[in-house]
Each structure stands twice: as C-alpha cells, then as structure tokens.
Amino acid sequence: MTETLLPVPDGIARAARLLAAGELVAFPTETVYGLGGDARDGRAVAGIFAAKGRPSFNPLIVHVPDLAAARRLADFPEPALRLAAAFWPGPLTLVLPLRNGAGLSPLVSAGLPSVALRVPAHPVAQALLTAFGGPLAAPSANPSGRVSPTRAAHVLAGLEGRIAAVINGGACAVGLESTIIGFGGIGLNGGPTLLRPGGLPAEAIEECLGQPLGRPAPDPHRPTAPGQLDSHYAPAAALRLEAAEPDKGEIWLAFGPAAPGAALNLSPTGDLVEAAANLFHYLREADRLVGPAGRIAVSPVPDHGLGRAINDRLRRAAAPRG
Ligand code: TXA
Ligand code: MG
C-alpha cells in the first residue's frame, strides 16, 4: 500500500505530487528519515500526528530549502543568524518566534508562538523541497516513542500502509536527530538554549556563539522537546546501560576496542561519529536478536561531542515504559 520511490527525478516528482495532494511521504535526511506533509495544510499535519500516534502537544519541525525560506516563516535574532550561516544546511534545528502571516497550520507548532525550522543537507531532501516548493512538516518517520528510522526499511516496518510513500535514499549518514536550539519563548530564559542534543555537537554551537548554551527548566506538563518525555526512542527489549560486559542471556551492544566477541559494536575503533550513524539500526538489530522479553547490555559511551546525544537517546531508550 505504501509506495517505495527511487531517489531519481521521476520518484521525487511523484513524491512532490503526492505531497501537493495532501498525502504523507517519508524521505531521507542526513539525520533520520522524516515523515513529510505540507506544513500549510492542517489536514496533512493532522495526518502526520495520526500516522505516528503522536501526542498532539508535541510540535513538529518544519523543513525548508534555505535560510531565505526560513526567514519568511520566523524572526531570526542575530545569534540565530550566525548559527544558520555556520551550520545550515545540516543537523541543526532552530526554534524561533513565528512570523505573522507565515501561513503555517497552527497544528505544526501545537499552538505555540514559536516554530522549529531546519534546512536539511541531504540531496534527496533538498530536491524534494525544491520540487514541492513549500515548507514540509516532518518529524522522524516512526510510530511515536519508538526508535527513529535511519533506513527506508525501518520506515516501512513502522508505518507501512499508513503513509502514501517512502523515498528510498539508503542509510542516513548522521543517524541521530538534529540538535535543537531554542531562542526565547516558553520555558526558555532569553538566551540560546539546548532543547535537544543531536547530530551537531553542542560544543561546536557554543564555540560559534562564543557563549555557553542554557538548559531549559524541566516542566513535565509542558514538554518543549522530546528530551522532556520519558521513554522515547525505545526498542521493545529492556536496556542495561554502562555495562562492562553482558550478563547471561543479554545481548551486548558494545562500544570501542575492548569488546571481543560482542555481536554488535557501535564502533570497534571508538569513533563517536560512526557510533551515532549505527545507533538506531543496531538497537533494532539487538531487539530482533534478543526478542521482546530479552535485555540489551550497552557499553559506556564517552559523554562528549556526539556521545552526549548518543547517551541522551540511550537513557531514554532505557527509561521505564509509560
Ligand atoms: O533530525 C531531525 O530533527 C528529524 C528529521 C526528520 O529532520 N526530525 C525530528 O522531528 O526529529 P521530531 O518532530 O521528531 O522532533 C522535533 C521536536 C519535537 O518533538 C518538539 O518537541 C520540538 O522539536 N519542537 C518543535 N517545535 C517546537 C517549538 N515550537 N518549541 C519547542 N520545541 C519544539
Ligand atoms: Mg522523533
């Protein structure tokens, strides 16, 4: 029922036509696969929430082809412009004050006066945005609360029959969702704030800004990013973190050279970029190998650079299930 399209001009044109008709199309980005719908069309946006089974208080990221398109939708304070110049296109999302008359469905931002914007670098995402000619709301293309998809097959495993099409662009190079930075607005204290660690290391952002990033005050009743929801990015099996080695009956999701015999190693050389790219696929593999009643033992991962985002996702995957 869900069409698989090739990342060639015909496939992109077909995807753009489906989107223009209000249908949902999953597409590759350099972070994870996104579930795209016309961000100006309330019916399409509602369809995204329905297909994902996502709680409607959780707003969506809007994807645009470049900074010029982004500036038509939101107001950019000077530090936001500096980040956009340095890191767009790329794995960075900026939450900014929504402009009057931006034309987005209010459902996209869940009624908030702000909007999350991202310019993806993946050539297929860029080609799709150009062919479609409008902003695309696109959360990760997985059922809410499950592991994000880094391959077209992951998208189909979760959403087959619930969306019109997926463009198969192979494996995602970064493998972690974008880093989200907030500027002003609800729950933020004025300065740039790290709302979600992700595919762009926070250290690189702080260096570009010349100041440390703030952290949002946690408020369980008003999540500002999935970071504040427990049990996110969860596989079916239970996880045990910081494991030196597996116990009997566990499957070992290892990191680094000191793991002989591990069935799955995020990066045998201890490379955090490689580990990020492998994380979600290996969580799925571990799940499949050990079964839903089993347990996954995960080696410690250094908590700097992309390791901070990897550890964030692992903590969420290990959190008690709601
Ligand atoms: O890498 C990514 O960011 C992927 C790819 C597809 O681009 N997208 C993605 O989107 O991860 P999503 O919807 O799964 O996560 C976006 C998060 C939301 O959960 C939400 O909490 C936060 O961004 N967000 C969106 N709009 C916001 C707003 N106005 N204020 C605060 N947070 C917002
Ligand atoms: Mg997601």
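Start at the interface of domain 1 and domain 2, where the rule finds two salt bridges (a side-chain nitrogen of Lys or Arg within 4 Å of a carboxyl oxygen of Asp or Glu). Select Glu203 and Arg308: they form a salt bridge, with the closest N and O atoms 3.9 Å apart.

A quick word on ground rules: this is a predicted model, where local features need pLDDT of at least 70, side-chain atom pairs count only at pLDDT 80 or more, and totals for chains, interfaces and linings use all residues. Residues are numbered from 1 along each chain as its sequence is written, and side-chain values use heavy atoms, leaving out hydrogens and water.

Now colour residues 3-209 as domain 1 and 238-318 as domain 2; these bounds come from an automatic or database domain assignment. Between them the two domains bury about 1500 Å² (accessible area lost on being put together, 1.4 Å probe, summed over both). On the domain 1 side, pick Val147, Leu176 and Pro197, which lose the most area to domain 2.

Next, go to strand 5, residues 92-97, where five of the six residues are buried (under 20% relative accessible area, 1.4 Å probe, protein chains only). Strands here are DSSP runs of E, at least two residues, numbered from the N terminus.

Last stop: select Leu117. Its contacts (heavy atoms within 4.5 Å) beyond four places in sequence include Phe76, Trp88 and Leu94.

Note on methods:
Chains are lettered from A and ligands numbered from 1 in the order in which they are written. Buried means under 20% relative accessible area, exposed over 50%, partly exposed in between (1.4 Å probe, protein chains only). Helices (H or I, at least four residues) and strands (E, at least two) are DSSP runs, numbered from the N terminus.
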